[in-house]
Amino acid sequence: MLPFDLLLCCLATSRICLQIAMFYFNLALLSLIEFSPPGGYFVIFLFIYESELWLATWLSVFYCTKISPIAHPLFFWLKLRISKLVPWLILGTLLCTSLTSVFHRKYAWILFQKTWWNLLFPNATTEVREIKEIPVLQFVILFIELFLPLVIFLISALLLIFSLGRHTRQMISTAMGTRPPSVRVHISALWSFLSFLVLYVSQYMMAALVFSQMFNIRNLSFLFCLLLVGLYPSVHSIVLILGNPKLKQNAKKFLLHGKCCQ
């Protein structure tokens, strides 16, 4: 399997798992199912969420190194080796997120009791046991885990967008008469990466709003933010399919196969 295909497969798998976890939580939030998870559930959710963030970040880095016409020795070195680095980046991501999730396992159940227990079970009569304070180190490490992929993503995405935009303007200024097909391809790619940037940053903002509104869990603004967080993986997956000819062709074959089976 090609490195790019492997990266997309891992990203798709993480997003499917993330959507299943969020769907299960939404059912519990609407009181449609009983919700009595152990602390390990939140460790698994943290592992899936961080893995999805890092894989999406590496996808942005892959696009940036392959497409951006940046003339720098380090960037040129990375462009030649990014395909070989992709499997190691995926393996490193899974390993690091596994270790950090295990690191947070001790306080996952405590964090659940301090935040979500009274929100999901406001009429619970059982007394929650006394909870000791969570060390500051836990929050610092968690903040770094969630903030670092955002920084790497912003650097790679902005480099790609600015370099691609500058190159597109140069092509338009030198083109005579009608725009050549290459210009339209560059403009389409530019809009695709801009949407990727907006979606990625938006889900960070919505996730922050979700946690800021956690004491109003039945509030419409909380549910709206939660909906937008869940929409990001789906909408960006559609953008990826529409912007990639190979994925678009495979999607058409899948839909045609589904119609034939009916």
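Contact here means heavy atoms within 4.5 Å. By that criterion, Y200 touches L53, A56, T57, P149, L150, F153 and Y232, leaving aside its neighbours within four places in sequence. The model is predicted.

The chain is helical in its assigned elements. It holds nine helices and zero strands. From the N terminus on, the order is α-α-α-α-α-α-α-α-α. The chain has 262 residues, and buried residues make up 37% of them. Among contacts with a separation of 6 or more, 73% join residues 24 or more positions apart.

Y200 also belongs to the largest nonpolar core. That core has 46 residues. Those with the most contacts inside it are L7, L59, Y63, F196 and Y200. Six helices are named as sources of at least two core residues each: helix 1 (3-29), helix 2 (39-67), helix 3 (73-103), helix 6 (136-174), helix 7 (181-212) and helix 8 (220-243). Helix 2 supplies the largest share of this core, with 14 residues.

Packing leaves a cavity to describe. The structure holds one cavity of 30 Å³ or more. The volume of the largest cavity is about 50 Å³. Its lining consists of S60, A157, L160, I161, F193, F196 and L197. F196, one of these lining residues, is also among the core residues with the most contacts. Helix 6 and helix 7 each give at least two residues to the lining of the largest cavity. By class, six of the lining residues are nonpolar, one is polar and none is charged.

Open space was examined next. Helix 7 gives the most, with six residues. The lining of the second largest pocket divides into 11 nonpolar residues, five polar and one charged.

Charge pairing is limited to one case. The count comes to one salt bridge. E52 pairs with R15, and the closest N and O atoms are 2.8 Å apart. This pair links distant parts of the chain: E52 lies in helix 2 and R15 in helix 1, 37 residues apart. Both E52 and R15 are buried.

Is L85 buried or partly exposed? Its relative accessible area is 30%, so L85 is partly exposed. The buried class ends under 20%, and the exposed class begins over 50%. L85 and F62 are 23 residues apart in sequence. In space, the C-alpha atoms of L85 and F62 are 9.7 Å apart.

Methods
Residues numbered from 1 in each chain as written. Predicted model: local features only at pLDDT ≥ 70, side-chain atom pairs only at ≥ 80, totals over all residues. Heavy atoms only, no water. Core = buried A, V, L, I, M, F, W, Y, C linked by side-chain atoms within 4.5 Å. Buried < 20%, exposed > 50% of the residue type's maximum accessible area, 1.4 Å probe, protein only. Helix = DSSP H or I, 4+ residues; strand = E, 2+ residues; numbered from the N terminus. 1 Å grid on protein atoms, 1.4 Å probe; cavity = no way out; pocket = protein on both sides within 12 Å on 5 of 7 lines; lining within 4 Å. Points joined across faces, edges and corners; volume = space filled by probe spheres on them. Nonpolar A, V, L, I, M, F, W, Y, C, P; charged D, E, K, R; others polar. Salt bridge = Lys/Arg side-chain N within 4 Å of Asp/Glu carboxyl O.
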